[in-house]
Amino acid sequence: MDKIDEPKCARVDMKISLWFATPGAVAFLGFVLFKLIDVLFEQQERQRQYLGRNILYYAVLGLVIVGTLYLSAAVLGRQAGKFFCRKPPASFRAALIGILVALGCLASGVVMWSIFNLIEVSLFAADLKLSDILFFSSLVGVVAFIYGFIPAILLGVLFGQLLKRRLAQAEWKKA
């Protein structure tokens, strides 16, 4: 494989990474939808008085996390594409770069979710100490990362192999 035009190569990788970010976005939006249904059907009167605020909170949470996920997929995918343009992608390298892109996207979403969780717990549970709030928020982030780790690994390997195949078939030559 001769040299490939780097901007075109980066765009191909960015498009593929955006497609591969979609399962994570759908999974998170499903979580937000279930949480909204739980808030709507909550029987406690205390929760009902905050219904509008809770719906707004979870809607903003869903938009911000999905936006963060797609933004990190675009940025990391573009960087992976530039890397593949400079070095011919071997199978192991393609899988490793795909896994790193997937875990980077997962980590950015988990960090943003932990920040939102920190805000939620500190606003809605004012009687907790700061150490308890930080522990709870970091625990939620760790659980979310563990839950998404195996799908991210599998999607990362698939992403890397698909990208390797796409770039191997590319006919873009530098002028």
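**View 1. Overall fold.** Along the sequence the protein runs α-α-α-α-α. The model is predicted, so local features need pLDDT of at least 70 and side-chain atom pairs count only at pLDDT 80 or more, while totals for chains, interfaces and linings use all residues. Residues are numbered from 1 along each chain as its sequence is written, and side-chain values use heavy atoms, with hydrogens and water left out. Of the 175 residues, 36% count as buried; buried means under 20% relative accessible area, exposed over 50%, and partly exposed in between (1.4 Å probe, protein chains only). The accessible surface comes to about 10700 Å², of which 70% belongs to carbon and sulfur atoms (Shrake-Rupley method, 1.4 Å probe; for residues, only the protein chains shown count as cover). Among contacts with a separation of 6 or more, 82% are between residues 24 or more positions apart; contact means heavy atoms within 4.5 Å.

**View 2. Nonpolar surface patch.** Leu33, Phe34, Ile37, Leu40, Phe41 and Ile55 make a nonpolar surface patch of about 620 Å². Patches are made of residues with over 30% relative accessible area and no salt bridge, with like charges joined within 9 Å and nonpolar side chains (Val, Leu, Ile, Met, Phe, Trp, Tyr) within 5 Å. A salt bridge is a side-chain nitrogen of Lys or Arg within 4 Å of a carboxyl oxygen of Asp or Glu. Helix H1 (residues 6-40) gives the most to the patch, with four residues.

**View 3. Leu40 and Ile55.** Leu40 is in helix H1, and Ile55 lies in helix H3. Leu40 counts as partly exposed because its relative accessibility is 44%; Ile55, at 31%, also counts as partly exposed. The two residues are 15 residues apart in sequence and 8.3 Å apart in space, C-alpha to C-alpha. Not counting residues up to four places away in sequence, Ile55 touches Leu36 and Leu40.

**View 4. Aromatic side chains.** The protein has four aromatic pairs, where rings of Phe, Tyr and Trp (its six-membered ring) pair if their centres lie within 6.5 Å, and planes under 30 degrees apart count as stacked, over 60 as edge-to-face and the rest as tilted. One of the pairs is Phe28 with Phe31, a tilted pair at 5.7 Å centre to centre and 40° between the planes. Both residues lie in helix H1, three residues apart, about one turn of the helix. Phe28 is buried, with a relative accessible area of 11%, whereas Phe31 is partly exposed at 33%. Phe28, Phe31 and Trp113 form one aromatic cluster.

**View 5. Thr68 and Ser72.** Thr68 lies in helix H3 (residues 51-86), and Ser72 is found in helix H3. Thr68 counts as buried because its relative accessibility is 16%; Ser72 is buried, with a relative accessible area of 11%. The side chain of Thr68 reaches the backbone oxygen of Val64 at 2.8 Å. A polar atom of the Ser72 side chain lies 3.0 Å from the backbone oxygen of Leu69. Leaving aside neighbours within four places in sequence, Thr68 is in contact with Ser108, Gly109 and Met112, and Ser72 with Gly77, Cys105 and Ser108.

How values were computed: Helix = DSSP H or I, 4+ residues; strand = E, 2+ residues; numbered from the N terminus. Polar contact = N/O pair within 3.5 Å; in protein donor to acceptor, adjacent residues only side chain to side chain.
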